[in-house]
Amino acid sequence: AGYFGTVLSKVLQTGMTLAAVMLLLPRMVKILMEGLLPVSEAAQEFVRKRTGERELLVGLDSAILIGHPAAISSSLILVPIAIILSVILPGNRVILFADLAVIPFIVALTAPLMRGNVFRMVIVGTVTLAVGFYVANALAPLFTTAAVDSGFKMPENAVQITSVVDGFLWISYAVIAAIRGLGAAGLALLAAIIAACFWLYRRNTLAWERAAGAEDDEVEQKG
């Protein structure tokens, strides 16, 4: 009974700590990002007054969307899915804890793409997490080396560290792999791909914006 009580106490304490992190972290970041919205709008107005009707697009972090009801709902569903994936995926050595609170940032941008459909967002999030685990495994040595070189104290019993925020992004892995494997040629290849994507976007901007979740009336006004 004593051992069971100790284990239960630690489980409950860990659960409460994790719940507090998952509740407070997205809200804190959301408040900070909402403070940037007036800055973005003011910048757009500033440019519009001096350049006529030219449109200025100011990029903001995905945190402005984590308050979306669909983002919150899908993130809560994805928490146990992420834990299960970390256990069942063959070859995976990454176990999430504090980074579970970052899952809203992974699915936030899918809210407009999926029109707020929670079921579709969960499917996209599951696939993204599954791929992300393998990306995190591949990037973990790089993260660990950078952390140790900067004087970071490794957690007890931790062999390597990584991050959901950057360590799960396949784009980061593709960039690093291209540069490591091809050197300067990799940089040239990446520049060519970016230029091609920009050209395709400029060639049919309205179609891309509609695919990104823009409403038809907004697209028609721009057209």
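User: Which residue just after α8 takes a positive phi?

Analyst: Gly183 does, with a phi of about 65 degrees. Some ground rules come next. This is a predicted model, where local features need pLDDT of at least 70, side-chain atom pairs count only at pLDDT 80 or more, and totals for chains, interfaces and linings use all residues. Residues are numbered from 1 along each chain as its sequence is written, and side-chain values use heavy atoms, with hydrogens and water left out.

User: What makes a stretch count as a helix or a strand, and how many of each are in the protein chain?

Analyst: Both are DSSP runs, numbered from the N terminus: helices are H or I with at least four residues, strands are E with at least two. The protein chain has eleven helices and zero strands. Its pattern along the sequence is α-α-α-α-α-α-α-α-α-α-α.

User: How do you know that the span of α8 agrees with its residue count?

Analyst: The expected span is 1.5 Å times one less than the number of residues. Helix α8 (residues 170-182) has 13 residues, so it should span 18 Å. Its end C-alpha atoms are 18 Å apart, which agrees.

User: Why is α8 called oblique to α9?

Analyst: Two packed helices are described by the angle between their axes and the distance between the axes. Here α8 and α9 (residues 184-203) pack at about 140 degrees, with axes 6 Å apart. That angle makes the pair oblique. The cut-offs are under 35 degrees for roughly parallel, over 145 for roughly antiparallel, 65 to 115 for roughly perpendicular, and oblique for the rest. Axes are lines fitted to C-alpha atoms, for helices over the stretch in contact, and angles run from 0 to 180 degrees between N-to-C directions.

User: Which residues of α8 and α9 meet?

Analyst: Val175, Ala178, Ile179 and Leu182 in α8 meet Ala184, Ala185, Gly186, Leu187, Leu189 and Leu190 in α9. Contact means heavy atoms within 4.5 Å. The residues of this contact divide into nine nonpolar, one polar and no charged.

User: What does Leu109 contact beyond its neighbours within four places in sequence?

Analyst: Leu109 is in contact with Ser62 and Leu65. Leu109 and Leu65 are 44 residues apart in sequence and 6.9 Å apart in space, C-alpha to C-alpha.

User: How much of the protein chain is buried?

Analyst: Buried residues make up 25% of the 223 residues.

Methods: Buried < 20%, exposed > 50% of the residue type's maximum accessible area, 1.4 Å probe, protein only. Nonpolar A, V, L, I, M, F, W, Y, C, P; charged D, E, K, R; others polar.
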